[in-house]
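Visitor: Hi, I have a structure open here and would like to talk it through. Could you walk me around it?
Guide: Happy to, let's bring it up.

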Amino acid sequence: MNPLDPALIYSRLTPPAEDQGPLDLILDTDTYNEIDDQFALAYAELSPERLRLHAIYAAPFHNGRSDGPGDGMAKSYDEIIRVLDKLGRHSEGRVFRGSTSWLPDATTAVASAACDDLIE
């Protein structure tokens with residue numbers, strides 16, 4: 001794997017100009033894992049003057065709140081739908097299931113609807 005050029009890394013970390021308008025955003029989140037992700041989702045959804053939320057991806061997690069990465073992803077997917085419903089926002093065509101397992105290594109992909117949407 002080739003390391004990224006330091007100048008490219010710096011340019012990607014530079015905050016956008018204030019007059020740039022809304023930033024395009026895809027939110028990849030393990031929403032059911034911790035409470036901060038529900039707030040991030042609500043903020044992104046309710047801040048169109050700052051963010052243009054194109055898609056929301058349910059990410060896997062595994063801890064005491066899930067039976068494994070697939071279960072964590074499914075719970076996060078359901079939580080995303082719940083949050084959007086409470087906000088009165090639609091989920092159709094915007095919310096995608098992520099992988100049901102961890103990446104097996106640094107070069108092998110894991111197929112998912114979220115991955116397919118990102119590539120598209």
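Visitor: Okay, in what order do the three strands sit in the sheet, and is the pairing parallel or antiparallel?
Guide: The order is β1-β2-β3, the sheet is open, and the pairing is parallel. Keep in mind as we go that this is a predicted model.

Visitor: Which strands are at the edges?
Guide: Those are β1, residues 23–29, and β3, residues 95–97; each of them pairs on one side only.

Visitor: And by how many degrees are neighbouring strands turned against each other?
Guide: On average by 20°, with direction ignored.

Visitor: What about the helices, which strands does α2 touch?
Guide: Helix α2, residues 36–45, packs on the sheet and touches β1 and β2. Its direction makes about 145° with that of β2.

Visitor: And which ones does α3 touch?
Guide: Helix α3 is residues 69–86, and it packs on the sheet with contacts to β1, β2 and β3. The angle between its direction and that of β3 is about 170°.

Visitor: Changing topic, I'm curious about D37. Where is it?
Guide: D37 lies in helix α2.

Visitor: Is D37 buried or exposed?
Guide: D37 is buried, yet it has no salt bridge. The nearest side chain of opposite charge belongs to R65, 11 Å away.

Visitor: Then what does the D37 side chain make a polar contact with?
Guide: With the side chain of T29, at 2.6 Å.

Visitor: Which residues is D37 in contact with, leaving aside its neighbours within four places in sequence?
Guide: T29, D30 and T31.

Visitor: Let's zoom out. What pattern does the chain follow along the sequence?
Guide: Read along the sequence, the pattern is α-β-α-β-α-β-α, with four helices and three strands in the chain.

Visitor: What does the C-alpha trace span along its principal axes?
Guide: About 40 × 40 × 30 Å.

Visitor: What share of the residues is buried?
Guide: Of the 120 residues in the protein chain, 33% are buried.

Visitor: Last one: of the contacts with a separation of 6 or more, what share comes from residues 24 or more positions apart?
Guide: Such pairs account for 58% of those contacts in the protein chain.

Technical notes
Residues numbered from 1 in each chain as written. Predicted model: local features only at pLDDT ≥ 70, side-chain atom pairs only at ≥ 80, totals over all residues. Heavy atoms only, no water. Pairing = 2+ DSSP bridges. Helix = DSSP H or I, 4+ residues; strand = E, 2+ residues; numbered from the N terminus. Axes fitted to C-alpha atoms, helices over the stretch in contact; angles between N-to-C directions. Contact = heavy atoms within 4.5 Å. Buried < 20%, exposed > 50% of the residue type's maximum accessible area, 1.4 Å probe, protein only. Lys, Arg positive; Asp, Glu negative; His and termini not counted. Salt bridge = Lys/Arg side-chain N within 4 Å of Asp/Glu carboxyl O. Polar contact = N/O pair within 3.5 Å; in protein donor to acceptor, adjacent residues only side chain to side chain.
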